[in-house]
Amino acid sequence: MKKIVILGGGYGGVVTGKHLAKKFKKNSDVQITLIDRNPYHTLLTELHEVAANRTPEDAIRIELKKMFEGRNVDVVLDNIESIDFKGSQLRSAETTYNYDYLVIGTGCKPTFFGIPGAEENALTLWSYEDAVRLKEQVRSMFGQASKETDAAIRRKLLTFVVVGAGFTGIELIGELSEYRDELCREYNFDRSDVRLVVADMAPKILPILPDPLIEKSARYLEKRGVEIITSAKITGVNPGSVVLGDKELEADTIVWTAGVEGSDLVGTLDVQQQGRKRIVTNDKLQSVDHDNVYIVGDNIFFIPEGETRPVPQMVENAEQAGPIIAHNIHAEITGKPKKSYKPGFHGTMVSIGSRYGVANVGLPNKMFQVSGFLAMFFKHMINLYYLFTVAGFNKVWTYMMHEFFHVNNRRSFVGGHFSKRSPNFWLLPLRLFVGYKWLDEALDKLPKVWNHPNDIFLIPVSSKAADATSAASEAAGAVATTVDSQSAASAVGSAKEAVEAMPVPHFITNIVNGFMDIFFYHSDGSFTGLASVFQFCMVFAELAIGILLIVGLFSAISSIASVGIGVMIWSSSMASTEMLWYWMAGIALIGGSGSVFGLDYYVLPWLKKQWKRIPLVRRWYLYTEEGPELGAMSKPALPASGAGSASAGQSK
């Protein structure tokens, strides 16, 4: 039994675990264990959204057991305190874990550069708990200020300083500028009463971006009322102030985002390290000291061939390193050649609030600078891709809900256009009426298809039918003999009006005619037996849609089917302009109209519970929910064999 232990459930650890599980899916002689001190994976790149109350708290966490549902990865909660490389063991306070191969992805923590008082007096933004704490802090300051009569104290309460103008600091201050507007309305403050400051020792913000994007970012922040202080020597952080050179800036909320270093555990390890506790690796991402120890994510210190700087501490680095590590471990176990790590980064993106961002993206040898809507679009698409790879449809759905559809105060890059919601009970009359119309149509046609199944009237006559024209003439003559001339003229006019169909593009007509020639017409133009079956199914579908809409059962599916049948009738050149009404009404009813005085209110919650219990559904995340389920993860008493998991922090 080969034991592979992944230490850390951050971006690098999760991606590595996913690829290892895939490679060893059919190998029962390999045991994969992921160790983390939290039961969930945190989306570190989205922490600022929770800190500034744009998204709910559970939007940035995914339960690790859910992520590895049905896969050969054991997830256990623990906190690793030391690693014995010679004995190939990890130790926590109570348990020892053996390994044959170890992947270290414990990530980073904030570094304070030895500045007096920074660690003790500043908040940080590097974990889920940090984000929640900061959100509560900001709201608390507004609450206290609303009851404070002393102007100086109130001003201090409403001053918020972010130290560090890199990605994290700029994203946070951008979000806080929007959160400030919400809280000013809630607590009846003027926007000018609140002071937002971002300070950095560097000469400019976002130093790794091109100058045009830096200038755009600075202009946007200034427009939002943010003070930017650069080239500021930060010499101390006091309980109620930060010292910038020879000036002291008073603030009751100071957030430190000025830099990171390796986790506490990495700092204690007897391995070669460079660059703030990063472990030196070879091109296979193995520690240069231990062949069976691989490094992933922010913990990597590796300078690719032809480069002068180590790989950056970015999410994309973790996403590209994980598959290489999985391949190399698999190759070593199966006796195949390993691969070298040759990263190709595709740029960087920074969101400055919910509606604006800047990005320098493209291919390694060709980058494009974009800003505004397009930059935010790229950011969301990349997030959706990552979430799809680690948690499938389930997390993609919840991400879209809190980023596009369930947003307050227009805090989305598409504004509030998709997030306006009204009570579903206003749709009840429309649902009943559309259901009645389909039911009425079906009941009118049902006797015809039941008593005369070979009498085809829902499928147009083939152009090859030799007697199509004469049959139509005979029918008109029969009408003329049974009614007077005025009535006949009226009937002909009505018939002509009834068959006037909406225009259909020529290429669609060709496709539909080709389909009908294959399935519904004989070579002489007469109808096949399948035409009778199809006609009966069409009438039955209309009947089912009508009943389901009236009783409010599976109303979303019924509404989609209503639109689908309408499109089908239109494509066959048999739909009058009345069909437009069915289309628009069907689209309006898709969004949960059956939850009001309908069976969906009772049936869907029950079905949802049953659906989520299916192993295949959970394995491929084919379900939705209001938020991640953080089920209780108890720490089992495990033997020293290492059949479990624990965690020493999270990697980015």
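Modeller: Gly415 lies in the loop that links α11 (373-405) and α12 (428-451). This is a predicted model. Gly415 has 12% relative accessibility, so with the cut-off for buried at under 20%, Gly415 counts as buried. Which residues does Gly415 touch, leaving aside its neighbours within four places in sequence? The contacts are Val407 and Arg410. Arg355 is 60 residues away from Gly415 in sequence, yet the C-alpha atoms of the two are 7.3 Å apart in space.

Now the helix pair. Two packed helices are described by the angle between their axes and the distance between the axes. For α16 (residues 529-551) and α17 (residues 555-571), the angle is about 145° and the axes are 9 Å apart. The crossing of α16 past α17 is left-handed. On the α16 side, the residues are Phe534, Met538, Ala541, Ile545, Leu548 and Leu549. They meet α17 residues including Ser555, Ser558, Ala561, Ile565 and Met568. By class, this contact has 10 nonpolar residues and four polar ones, with no charged residues.

Last, the strands. β6, β7 and β8 form an open sheet, in the order β6-β7-β8, and the pairing is antiparallel. β6 (82-84) and β8 (96-98) are the edge strands, each pairing on one side only. From one strand to the next, the twist averages 20°. β6 is joined to β7 (residues 89-91) by three bridges. Across that pairing, Ser82 stands opposite Arg91 in β7.

Technical notes:
Residues numbered from 1 in each chain as written. Predicted model: local features only at pLDDT ≥ 70, side-chain atom pairs only at ≥ 80, totals over all residues. Heavy atoms only, no water. Pairing = 2+ DSSP bridges. Helix = DSSP H or I, 4+ residues; strand = E, 2+ residues; numbered from the N terminus. Axes fitted to C-alpha atoms, helices over the stretch in contact; angles between N-to-C directions. Left-handed = near helix turned anticlockwise from the far one by under 90°. Contact = heavy atoms within 4.5 Å. Nonpolar A, V, L, I, M, F, W, Y, C, P; charged D, E, K, R; others polar. Buried < 20%, exposed > 50% of the residue type's maximum accessible area, 1.4 Å probe, protein only.
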